[in-house]
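I opened this model to look up its charged pairs first, then its helices. My entries follow in the order I made them.

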Amino acid sequence: MNYKKIELKKIDIRHITKKYLNWMNDREVVKFTEQKYKKTTYNDIKKYIINTNKSKNDFIFGIFVDKIHIGNVKISSIDFNHKTAEIAYIIGDKSFWNKGIGGKAISLILKINKKKYKIKKILAGVYSQNKSSISVLIKNGFKREAVFKSQVVFEGKRISSYIYGYEVK
């Protein structure tokens with residue numbers, strides 16, 4: 001990896017660009033998400049970011065590589081009583097795929113969690129076919145905790161989905 005800096009920053013509507021909108025409508029980028037079932041507009045993203053930023057239980061960060069916004073990571077559904085949450089992430093800019101950035105972004109969100117949110121258990125859902133995402137989770141200490149057989153439709157076939165969990169030490 002020859003990048004000077006990979007960082008996570010809170011995003012707002014100023015970060016909605018044509019490039020960002022294009023990611024969310026690129027079938028290859030969103031194929032492992034529920035986003036694949038709809039066309040996304042600028043207003044959809046704006047509403048999503050505004051609502052997330054108003055929430056006390058959901059936080060969205062842009063993934064920035066050398067100050068270029070290339071994706072997002074979200075920590076959501078935070079239950080401050082049980083100290084649990086979920087994460088989701090996407091590398092939207094395909095020129096940054098397979099370069100270790102997803103793994104670094106997960107590592108960074110885990111550090112932010114430890115300092116700021118103090119969640120003890122974090123879950124991530126993943127399609128069984130999403131080998132890159134599974135690898136990123138495992139490299140960051142997540143363990144597969146659940147298998148939902150034939151849970152989702154992917155490329156016309158029913159496949160399983162997995163839940164990976166991470167226990168904060």
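**Salt bridges.** I counted the salt bridges in this predicted model and got 8.

I looked at lysine 19 and found it bridged to aspartate 93, with 3.8 Å between the closest N and O atoms. This pair joins distant parts of the chain: lysine 19 sits in helix 1 and aspartate 93 in the loop between strand 4 (84-91) and helix 4, 74 residues apart. I checked cover on both partners. Lysine 19 is partly exposed at 36% relative accessibility. Aspartate 93 has 14%, and it counts as buried because the cut-off is under 20%.

Next I took aspartate 26, which forms a salt bridge with lysine 94, the closest N and O atoms being 2.9 Å apart. This pair also links distant parts of the chain: aspartate 26 lies in the loop between helix 1 and helix 2 (27-30), lysine 94 in the loop between strand 4 and helix 4, and 68 residues separate them. Aspartate 26 is partly exposed, with a relative accessible area of 21%. Lysine 94 is partly exposed too, at 34%.

I then went to lysine 5, whose side chain meets that of glutamate 7 in a salt bridge of 3.8 Å, N to O. Lysine 5 is partly exposed at 47% relative accessibility. I noted that Lys5, Glu7 and Lys9 are linked in a network of salt bridges.

**Helix 3.** I checked the length of helix 3 (residues 42-54): its 13 residues reach 18 Å from first C-alpha to last, close to the 18 Å expected.

Which residues of helix 3 are buried? I found Ile45, Ile49 and Thr52. They lie on the same side of helix 3, because they cover an arc of only 70° around the axis. Residues three or four places apart in an α-helix point the same way, as there are 3.6 residues a turn. The buried residues of helix 3 pack against helix 1 (18-24), strand 2 (59-65) and strand 3 (68-79). On the other side of helix 3 I listed Asn43, Lys47 and Lys54 as exposed.

**Nonpolar patch.** I found a nonpolar surface patch of about 230 Å², made by Ile13, Tyr42 and Ile50. Isoleucine 13 is in the loop between strand 1 (6-10) and helix 1, and is partly exposed at 33%.

**Helix 4.** The 17 residues of helix 4 (residues 101-117) should span 24 Å, and I read 23 Å between the end C-alpha atoms, which agrees. Its buried residues include Ile101, Ala105, Leu108 and Tyr117. Lysine 118 follows helix 4 and has a positive phi, near 60°.

Note on methods. Residues are numbered from 1 along each chain as its sequence is written. This is a predicted model: local features need pLDDT of at least 70, side-chain atom pairs count only at pLDDT 80 or more; totals for chains, interfaces and linings use all residues. Side-chain values use heavy atoms; hydrogens and water are left out. Helices (H or I, at least four residues) and strands (E, at least two) are DSSP runs, numbered from the N terminus. The expected span of a helix is 1.5 Å times one less than its number of residues. Buried means under 20% relative accessible area, exposed over 50%, partly exposed in between (1.4 Å probe, protein chains only). The arc is that of the directions from the helix axis to the C-beta atoms. Contact means heavy atoms within 4.5 Å. Patches are made of residues with over 30% relative accessible area and no salt bridge: like charges are joined within 9 Å, nonpolar side chains (Val, Leu, Ile, Met, Phe, Trp, Tyr) within 5 Å. Accessible areas come from the Shrake-Rupley method with a 1.4 Å probe; for residues, only the protein chains shown count as cover. A salt bridge is a side-chain nitrogen of Lys or Arg within 4 Å of a carboxyl oxygen of Asp or Glu.
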